[in-house]
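Keep the structure open beside you as you read.

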Amino acid sequence: MIRNSREVHIVTHIDADGITAGAIASETLRRLGKEYSIECVKQLDEICMKKLLSDGHELVWFTDLGSGISTQYPEVKKIITDHHECPPDSDLSFHFNPHLFGKDGSYELSGAGATYLVSKSVSQKNKDLAALAIVGAIGDLQDRRFCELRGINMQVVEDGKESGVLQTMKDIRYFGKETRPLAKLLQYASDPLIPGVSGREDACVSFLQELQIELKAGDAWRTWVDLEKEEKRRILSAIIQMLLSKGFGYKTATRVLGATYILCKEEEGTELHEAKEFATLLNSTARYGQYEVGLQVCLGDRGKWLKEALNLLSGHRQNLVEGLQCARDEQIQKRTYLQYFHAGNGIRDTIIGIVTNMMLNTEDVDKELPLIGFALTENGEVKVSARAAQSLVDRGLDLAVALTRAAKEIHGIGGGHNIAAGATIPKGKEEEFLQLLEREIQRQFVP
């Protein structure tokens, strides 16, 4: 279908997985000499689909979304490369999704990964796009469950290594190894939190000084990648010992270490060298309506567009800090089967999912209940984001199913994964939605 089309319109999602998926689709079409266009959307609602119908594209390629409408809108000639839960009767001829093959799209393959596999099928020369697919997978937190990528993702990793665009290593899992000063790396450390250290800059500085770690090299703050191997060993050993001494258990302590994915064509010490930091840079673009910026960075721009992305990243970091504070100020409300907070206009609807996930990894939140975050959208609706610990999923929780069913009953839409899902519902229906969602979660835990 791709080869036989003259013109293709790409529709992708606004997160890092969506941006990388859209970039992979764009580059695939460019290399084929096809005419193409691209847009990023928050969700595929009726307004979005009506616009696509009126635009009359020859072929629409949905990346990192579209599974929910796979059996609808037959008048739109489409292909879908997605990884979200989908109807089992979806047409395999135009729909590629790991769930259709008995695989779990929450950790075995991302939207960018699904798009990459189709791209590689178009031409083996596209194997160099594997690095972007891994950035998408890491941005989608697909390494969270096992502290490394698993499943079909590993095929993509191997392709990246063979193409010379990707390297892997075992290292500390905390965010900011390339760009954050050491004290900041530990201050914002989560999953696992460092008891008595995380969240307190003074405690982080004292912790490092006690280990005789120099915080500066000349006038420059040292980062994790600046450290000698022995210095890293001392820090890791101390963190793990602290966790064990505080009763966190071996399983939690081992989460300090995990696989790191390096884009070896990028410069060390930059936001593009390590997949986790690259993904955060992309989240700072499309989630603020600037998807073209992230897309151009993915497609290789290291000048004007990268500079703009770095400016957006600075604002994104500040918004996340403020968003966490807003969530804390609103306070978590506990119910029998869930806990929630309502940010109102205090958190952008496009980052409420990130903030909800960050809140789940703080000491303020009960890990035995899924966390729901509400935020108002620009058009007067309510965005819902739900996150849960893996232990709840292991017990039978499926947030995608629960949110989809609850939202549908009040004329909203929902979807996602078992561990992380979202919905959009009418304003004023939050209490009714929570009641419906609790009913669905209760059914999952008590069949």
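Predicted model: local features only at pLDDT ≥ 70, side-chain atom pairs only at ≥ 80, totals over all residues.

Ala137 is located in H4. Is Ala137 buried or exposed? Ala137 counts as buried because its relative accessibility is 0%, and the cut-off for buried is under 20%. Leaving aside neighbours within four places in sequence, Ala137 is in contact with Asp17, Ser110, Gln142, Leu149 and Asn153.

Next up is an open sheet of 5 strands, paired in parallel, with the order E2-E1-E3-E4-E5. E2 and strand E5 (95-96) are the edge strands, each pairing on one side only. As a general point, strands of a sheet pair through backbone hydrogen bonds, either parallel or antiparallel.

How many bridges join strand E4 (residues 78-81) to E5? There are 2 bridges between these parallel strands. In one of the pairings, Ile80 has His95 in E5 as its bridge partner. H1 packs on the sheet, where it touches strand E1 (7-13), E2 and strand E3 (59-63), and the direction of H1 makes about 165° with that of E1. Helix H3 (residues 111-122) lies across E3, E4 and E5, and runs at about 120° to E4.

Helix H11 (residues 291-298) is worth a stop too. Its buried residues are Val293, Gly294, Leu295, Val297 and Cys298. Among the elements covering the buried residues of H11 are helix H1 (16-32), strand E2 (35-41), H4, helix H10 (275-286) and helix H12 (304-330). After H11 comes Gly300, with a positive phi near 115°.

## Rings that meet

A search of the whole structure turns up 4 aromatic pairs. Here are two of them:

| Pair | Centre to centre | Angle between planes | Arrangement |
|---|---|---|---|
| Tyr340 and Phe374 | 6.1 Å | 75° | edge-to-face |
| Phe374 and Phe433 | 6.3 Å | 80° | edge-to-face |

Tyr340, Phe374 and Phe433 together form one aromatic cluster. Tyr340 sits in strand E11 (residues 339-342) and Phe374 in strand E12 (residues 371-376), 34 residues apart. Phe433 belongs to helix H16 (residues 430-445) and Phe374 to strand E12, so their pair ties together parts that are 59 residues apart in sequence. What about burial? Tyr340 is buried, with a relative accessible area of 18%, and Phe374 is buried at 0%. Phe433 is buried as well.

Two other rings have a charged neighbour. Lys216 lies over the face of Trp221, 4.6 Å from the ring centre. The charged end of Arg395 sits over the ring of Phe445, at 4.6 Å from its centre.

Most residues other than glycine have a negative phi, and most peptide bonds are trans. With that in mind, check out a few spots along this chain.

Leu141 isn't a glycine, but it has a positive phi of about 60°. Leu141 lies in the loop between H4 and helix H5 (153-162) and, at 33% relative accessibility, counts as partly exposed. Cys147 is not a glycine either and has a positive phi of about 60°. Cys147 is found in the loop between H4 and H5, but this residue is buried, with a relative accessible area of 8%.

Finally, where is Pro192? Pro192 is in the loop between helix H6 (182-187) and helix H7 (201-210). The peptide bond joining Asp191 and Pro192 is cis, with omega about 5°.

Note on methods: Residues numbered from 1 in each chain as written. Heavy atoms only, no water. Buried < 20%, exposed > 50% of the residue type's maximum accessible area, 1.4 Å probe, protein only. Helix = DSSP H or I, 4+ residues; strand = E, 2+ residues; numbered from the N terminus. Contact = heavy atoms within 4.5 Å. Pairing = 2+ DSSP bridges. Axes fitted to C-alpha atoms, helices over the stretch in contact; angles between N-to-C directions. Phe/Tyr/Trp six-rings, centres within 6.5 Å; stacked < 30°, edge-to-face > 60°. Lys NZ or Arg CZ within 6 Å of the ring centre and 35° of its normal.
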